[in-house]
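Please open the structure in the viewer and keep the selection tool at hand. The stops below are meant to be visited in order.

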Amino acid sequence: MTNDTLTITDNRTGRTYELPISYETINAMDLRQIKVNDDDFGMMSYDPGFKNTASTKSTITYIDGGKGILRYRGYPIEQLAEQSNFLEVAYLILFGELPNQTQYDDWEYRILHRTFVHENIKKLMQSFRYDAHPMSMFISTVAAMSTFYPESRDITDEATRMKQIIRLIAKVPTVAAFSYRNLRGLPYVYPDNDLSYSGNFLSMLDKMTEVNYEPNPVLERALDVLFILHADHEQNCGTATMRVIGSSHSDPYSAMAGAAGALFGPLHGGANEAVLRMLTEIGDVKNVPEFMEGVKNRERLLMGFGHRVYKNYDPRARIIKMIADQVFEVTGPNPMLDIALELERIALEDEFFVSRNLYPNVDFYSGIIYQAMGFPVAMFPVLFAIPRTVGWLAQWVELLNDSTQKIARPRQIYLGEGERDFVPMGER
Ligand code: SDX
């Protein structure tokens, strides 16, 4: 008997089974041999929400939830946030290595010169109501982009895949900015390819009558670092959705629209919007104790707290908190910060939260910065989706290149009715 096995005894039959262990996991299909009768289907595992199920092997992002560690391709998020920029990190996540200067210059040029969208995409976006939620516009428009690039359905061709990857990374800021201008009732601003990735985004958001928009360098850098922090996060809900849709060999635009739809949920990337609505509802630091009692009585969740993986402080939240100070020097303080800090102070010492490992996650402070920068709350999930486009696409490529992957099709435990005969209407 080798050490790297699990011996299971089925007490219903007295039979024992030896299952191989690799990477601290057993292969779920090895359970199927465990039966009472030979014609049984065999044993399955049951894991709603996939709390303890690995769906893939990956080399992209590493998280240690207990220690609050996050690394892209082995590089600590703290070092990337301090020393890199978003397009360089995008290259790292997609290709696995930091680019040299030639590779970076070529990559940056290719992204910054594909920022325009087809005029009909602009017309499509202008057909939405004046108060359409920008994240819903983003999701719809990304799906519609598959109609402009039908060749994207050939997901087996590497060059075609790369062309769509460049298009999506380059164009999501444009789509996001157009959705913002729609919300504001302002004319759409076209990309300025002389600006940086984040600078161009700010230009498409804020440019009015000036001939050339000059982004505030502090805000431009803060946004770029926020994009770095949100770029990937291994098998989160949105990325798992990207992989599930990608596993059917759908095109990347359709897959990414699904992933963005998952991200939109308030339990996921929509939490940053929910945090600001929560802070606004609390309204004043003096109301925090009463609010926290409501959370402890299970009347509501403390949005921006808790995480499926982090049972320690989300390292991204720590960095975002530092960025906040730099942004507020430019924009002026956000009164919501005082309420957020008081919520955190109580949560970090109160048994209800400490016993459940509820720490601030990436969404808790990001919204406060976005609001201070002038973004309406409804834009917050869109600001998450822009950088997460890189992670979704890198994970999608990894899925397609993994020969062990098959179409995602979970099983179920059926607890419904047994067979019964149809009852004609007159006899019901
Ligand atoms: C993101 O997965 C990722 O990587 C996501 C993300 C990424 O980069 O892609 O990091 C981005 O989505 C961050 C999370 C943003 N969501 C929120 O801030 C929403 C509020 N948080 C919760 O909904 C919750 O913490 C989740 C969804 C984030 C995690 O939920 P889990 O892992 O399923 O944990 P759980 O619901 O089983 O909670 C365990 C206990 C429960 O109490 P008991 O029933 O055991 O007594 O903690 C409680 C929960 O009720 N709890 C909370 C809480 N989160 C969990 N109680 C109050 N407020 C909360 N926020």
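The tour goes from the domains to the ligand and then to a pocket.

**Domains.** Please note at the outset that this is a predicted model. Select residues 1–45, which the domain assignment gives as domain 1, and then residues 50–403, given as domain 2. The C-alpha centres of domain 1 and domain 2 are 41 Å apart.

**Ligand.** Next, select the ligand and the residues around it. The ligand is surrounded by 24 residues, and the closest are His-233, Arg-298, His-307, Arg-308 and Arg-316. By class, this shell consists of ten nonpolar, seven polar and seven charged residues.

Now display individual contacts. At His-233, a polar side-chain atom lies 2.6 Å from a ligand oxygen atom. His-307 likewise places a polar side-chain atom 2.6 Å from an oxygen atom of the ligand. At Phe-305, a backbone N or O atom lies 2.9 Å from a nitrogen atom of the ligand. On its own the ligand has 1100 Å² of accessible area, of which the protein covers 76%.

**Second largest pocket.** Which residues line the second largest pocket? Select Glu-78, Ala-81, Glu-82, Arg-221, Ala-222, Val-225, Ile-319, Met-322, Ile-323 and Gln-326 to display this lining. Two or more lining residues come from each of helix 1 (77–83), helix 8 (217–229) and helix 13 (315–331). Helix 13 gives the largest share, four residues. Colouring the lining by class shows six nonpolar residues, one polar residue and three charged residues. The space in this second largest pocket is about 200 Å³.

Notes:
Residues are numbered from 1 along each chain as its sequence is written. This is a predicted model: local features need pLDDT of at least 70, side-chain atom pairs count only at pLDDT 80 or more; totals for chains, interfaces and linings use all residues. Side-chain values use heavy atoms; hydrogens and water are left out. A residue is near a molecule or strand if one of its heavy atoms lies within 4 Å of it. A polar contact is a pair of N or O atoms within 3.5 Å; within protein, one must be able to donate a hydrogen and the other to accept it, and residues adjacent in sequence count only if both atoms are side-chain atoms. Accessible areas come from the Shrake-Rupley method with a 1.4 Å probe; for residues, only the protein chains shown count as cover. Ala, Val, Leu, Ile, Met, Phe, Trp, Tyr, Cys and Pro count as nonpolar, Asp, Glu, Lys and Arg as charged, and the others, Gly among them, as polar. Domain bounds come from an automatic or database domain assignment. On a 1 Å grid over the protein atoms alone, a cavity is a set of points where a 1.4 Å probe fits but cannot get out, and a pocket is an open set with protein on both sides within 12 Å along at least five of seven lines; lining residues have an atom within 4 Å of a point. Grid points are joined across faces, edges and corners, and a volume is the space filled by probe spheres set on the points.
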